[in-house]
Amino acid sequence: MAKSKVYIASAGLTKIGDHWGKSLPDLAVEASRMALKGAPRVKPQQILVGNMFSAIGAGQEHLGALLASALGLSGIPAFKVEAACSSGGSAFNLGYSLVKCGAIDSALVVGVEKMRDLEPEEVSQALSMAESAEYTQFVGATFAALNGLLARYYMEQMNVSRDELSSIPVIDHANAVTAEHAQFRKAITADVVSRSSMIADPLRLFDCAPVGDGAAAVLLVNEKAASGARKAMTEVLGGQVSTAEFSLYERDDMLDFKATRHAFRGAMQRAGLSPKKLDLLEVHDAFSVVGALSLEAMGFSKKGMGARDAKEGKYSRGSDLPINTFGGLKARGHPVGATGMYQIVEAHMQLTDRAGENQVEGARYAATQNIGGVDSTSAVHVFGRAS
Amino acid sequence: MTIQSWRLRDRYYRLLGSKCEDCGDEFFPPVYRCRGCGSERVKDKQMPQTGKIITYTKLHETLPGFEAQAPFFLALVRLENGAKVLTQLVDSPDELVKTGAKVRATVRRARVDGESGQITYGYKFIVAS
Ligand SMILES: [Zn+2]
């Protein structure tokens, strides 16, 4: 395998929220054009589109050729990559792997999702497809319900309090206040979380990431193609996608996020980096309990301590390892198939000093963790400031 | 959903799961290979009809086809053979639904398809008082 270095040459994103006036292709093109404009002399040799439910949400499939054509790039190979909520991170992993192994010199990776055109129960139906149709949808389990089961189990087994569980959403909202592309730019308290409306007991509205539209894109290049790019790039140091037993109930230990554990370990090993070196982390907290278990799976918190550590300030802005520096899934927003790409663009912004008021001073290394299902797939990537 | 639920009727009506012929582990839903020992020698086996609640939640927002039942309890149940079943709870008052509570299987209406009016049936569990 050729060992070219791989860089993010440029990036683009839309604000997350209600894009009533824009279609799914509109959003994908908007983010892609921003990324392409940042490196005008680079022509991508492949397109990868991360998306979960364009068929249900927009009646549209075949996103690869659609986007290639819309961007005037017809002729090159283009694919849609689907891995539920980890579609974005998974698409990125494929693009990164192809450039890393020398198959191509450059790739455009886009994550896009359009959720706000759907009725709430249609969104629930679409999200439930991340789990088993035959045995999970059949009993009427929404995706939130599975996470509700998990949250109760976590709280009872690990003696985690309501206030502790609320602490990750509180961090997210605090960070989103100054994030221009975030969906909800308003600080909240633990009390607000614990008094919000019940969704799937014990999970409440503010434990759950919102529904939104958005797209985020990057242009990946190897050293050869990098000469056509401007300065201020981010190096992709390593990445791995892992899978676990598909359904929560198929696992011996439901509190062990195995896919994330393996993906994180593999990504760090490939990067040749100790986790202690990370200056920031974008965590997939689609539900507060998922954020806590992810921090535990990656080894930053001991088992049962993820939410407690968050409450103690271990992951807040200004700490040694701030998480979700633009608001995470809960406040920046979670347009499912695009979320992994938002995390990656945010890491790129941090490592090229483009994070504005949300800048983590002197950040040199960052990681992103993007889950599909209840940790059935996990895509982790590690980034460094390009030297 | 119609053909799918017909195909799976033994799974849905009788809790037909899998038993590993090599190590004896039992599973529901059925498996293609044993999660305990990796053997592909698995055969159909009816699951026991009683177990205990491992964890549960009460749903306030449902999938299409379940609106009439909301809010309802969803539980993860460990059967007496060790297999785990994700199931709805019916006829179970709030005060009886708790971790560790004993439950038994029953068959009920599962889902009403809005467009065709098709009704599917399947397993649900009741808390034993
Ligand atoms: Zn076996």
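**Salt bridges and a surface patch in a predicted model**

Good morning. I begin with one pair of charged side chains: A:Lys303 and A:Asp253 form a salt bridge, and their closest N and O atoms are 2.5 Å apart. A:Lys303 sits in the loop between helix H13 (288-297) and helix H14 (306-311) of chain A, while A:Asp253 sits in the loop between strand E8 (234-243) and helix H12 (258-271) of chain A, so this contact ties together parts that are 50 residues apart in sequence. Please keep in mind that this is a predicted model.

Let me turn to the wider count. How many salt bridges does a search of the whole structure find? Over all chains, the search finds 25 salt bridges.

A second example joins A:Glu61 and A:Lys80, whose side chains meet in a salt bridge at 3.0 Å, N to O. Here A:Glu61 belongs to the loop between helix H2 (54-58) and helix H3 (63-70) of chain A, and A:Lys80 belongs to strand E3 (residues 78-81) of chain A, so the pair ties together parts that are 19 residues apart in sequence. A:Glu61 counts as partly exposed because its relative accessibility is 37%. A:Lys80, at 24% relative accessibility, also counts as partly exposed.

A:Arg332 lies in helix H15 (residues 328-332) of chain A and A:Glu346 in helix H16 (residues 339-351) of chain A, so the parts tied together are 14 residues apart in sequence. What is the accessibility of this pair? A:Arg332 has a relative accessible area of 0% and is therefore buried, the cut-off for buried being under 20%. A:Glu346 is buried as well, with a relative accessible area of 0%.

Salt bridges can also share partners: in this way A:Lys114, A:Asp117 and A:Asp213 are joined into one network.

Finally, I move to chain B and to its surface. Which residues form a nonpolar patch there? They are B:Tyr13, B:Val107 and B:Tyr121, which together have about 280 Å² of accessible area. Of this group, B:Tyr121 is placed in strand E8 (residues 119-127) of chain B. With a relative accessibility of 36%, B:Tyr121 counts as partly exposed. Thank you for your attention.

Notes:
Residues are numbered from 1 along each chain as its sequence is written. Chains are lettered from A and ligands numbered from 1 in the order in which they are written. This is a predicted model: local features need pLDDT of at least 70, side-chain atom pairs count only at pLDDT 80 or more; totals for chains, interfaces and linings use all residues. Side-chain values use heavy atoms; hydrogens and water are left out. Patches are made of residues with over 30% relative accessible area and no salt bridge: like charges are joined within 9 Å, nonpolar side chains (Val, Leu, Ile, Met, Phe, Trp, Tyr) within 5 Å. Accessible areas come from the Shrake-Rupley method with a 1.4 Å probe; for residues, only the protein chains shown count as cover. A salt bridge is a side-chain nitrogen of Lys or Arg within 4 Å of a carboxyl oxygen of Asp or Glu. Helices (H or I, at least four residues) and strands (E, at least two) are DSSP runs, numbered from the N terminus. Buried means under 20% relative accessible area, exposed over 50%, partly exposed in between (1.4 Å probe, protein chains only).
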